[in-house]
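Open your viewer and let's take a walk through this structure together.

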Amino acid sequence: MDDTRFGRRDRRGDWRPDAPLQVGPLLDFPWSPLRVLTWLPGYLLPWNALFFVIATAVWLWLTPSRETLASLSWTWILPVLLRNMAIVLVVFGLLEWRLYIRRAQSNRFKYNGQFPADRPSDVFWWKSQNLDNALRTFGLGLPVWTAYEVLMLHAWAVGWGPWTSLAESPWALAAFALAIPLIHETHFFLIHRLIHVPVLYRWVHSVHHNSVNPSPWSALSMHPVEHVLYWSDILVHFLIPSHPLLVLYHLQVTGTGAVVGHIGFDRIETGPDRAMGTHAYAHYLHHKYFEVNYADGSLPFDRWLGTWHDGTAEGDARMQARFAARKARMNRRRT
Ligand SMILES: [Zn+2]
Ligand SMILES: [Zn+2]
C-alpha cells in the first residue's frame, strides 16, 4: 500500500501522517452531541472493544471461583500470573511478529524509519531493546499487574469495598465501563506528569524513555516504581461501586492497552489497499520529543497545559517556540 497517499517521509526515512491529531470533544464547550457521537466509534473501536472482549472471556473462563478467590493461595495466584503473561505474549507478540520480525509491511506507515533490532544500544540490557523490554515486561510488570489483580479480586470475594452486581446496577456499571479508559487516561496523565519532574525522571521514568523508537515490547518496559504507580488506577474500584468484570476490563485497558501507543506504525495493512488505524501517533510523539503529549488526547489535558502536539509541521513549530521561550526564561534566571 502506498503510504505517501496519507503522509510524507523525510530524508531520514521517518514518516508522518498529513492529518493532524484531534483532541476528543468531551470537554469542548459549547458542548456538541454530534461531535461526541462522531468521536465515539474511534474511542471504542477497535481497541477498547477488543479489551472488553478479552476481559469478558477472562471473567467467564479464566478467573477462579469466588470461593477460591476468598483465600489467598499460590495455587490460583500463579495461574492468574501465567494467564496474564499469555495474553500479553499473544497480543504484543502478534504485533511484534508481524511488524518487526517478519516486517510484513517493511517501513510503510512507520513513524521512525529504522527498526530497533538494527540498532544495538548500550542503554539496554545486553544492548538489545527487545530483550531488555521483554524482560522488564514479564519479570517486573506482569507481577505488579497480577498483584493488583489479586488484591482487587480477593477484596471482591471477601466483600471489602463498594461492590455491586450486574443485576443490581446495570446502568451505573455500563456508565462506569464507558468511562474506564478516560479514568485511566486521567490517572496516567497525572502520574506521567509527576515522573517527568527531573529527579523522578532520572531515577524512574528514563527507563521507559530509553525506547526512543518504541516497539510493542516497549509498552510495559518501565522501572518497577513506575509499574506500581501505573497500575494504581485500579484502586478507583474501592471508591466507585464496581464489579470484577470491570476490574478485569480496566486491567486490560491499562496493561494490554499500553501496547497501543507503542506500535510504532500509523496503520497496519490488512489487504492490498486496506489498512487499520492504530491510534499510536500521540504517544509516539511523546517518545520522540519527551515533553509533549503526556496524555493521549481523549481528554484535553495537554491542550490546557500547552503541551499538545498534533503531529504536524505547525505542531513542531509551536513546540520549538515553547522550548525556546523556556530556555530564554532559564537564561534570564541565571543572569
Ligand atoms: Zn511510552
Ligand atoms: Zn514520559
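Buried residues make up 35% of the 335 residues in the chain; a residue is buried if 20 or more other C-beta atoms, placed from the backbone, lie within 10 Å of its own. This is a predicted model, in which local features need pLDDT of at least 70, side-chain atom pairs count only at pLDDT 80 or more, and totals for chains, interfaces and linings use all residues. Residues are numbered from 1 along each chain as its sequence is written, while chains are lettered from A and ligands numbered from 1 in the order in which they are written.

Switch to cartoon view: the chain has twelve helices and four strands, which are DSSP runs (helices H or I, at least four residues; strands E, at least two) numbered from the N terminus.

Now select Phe92, Val247, Tyr249 and Val259. These have the most contacts inside the largest nonpolar core, which has 48 residues. Such a core is a set of buried Ala, Val, Leu, Ile, Met, Phe, Trp, Tyr and Cys residues joined through C-beta atoms within 7 Å.

Which residues does Val259 touch, not counting those up to four places away in sequence? Show Val91, Phe92, Leu95, Pro216 and Ala219; contact means C-beta atoms, placed from the backbone, within 7 Å.

Next, colour domain 1 (30-298) and domain 2 (300-335), as given by the domain assignment; such bounds come from an automatic or database assignment. Ten residues of domain 1 are in contact with seven of domain 2. On the domain 1 side, α10 gives the largest share, three residues.

Key. A residue is buried if 20 or more other C-beta atoms lie within 10 Å of its own, exposed if 12 or fewer, and partly exposed in between; C-beta atoms are placed from the backbone. Two residues are in contact if their C-beta atoms, placed from the backbone, lie within 7 Å.
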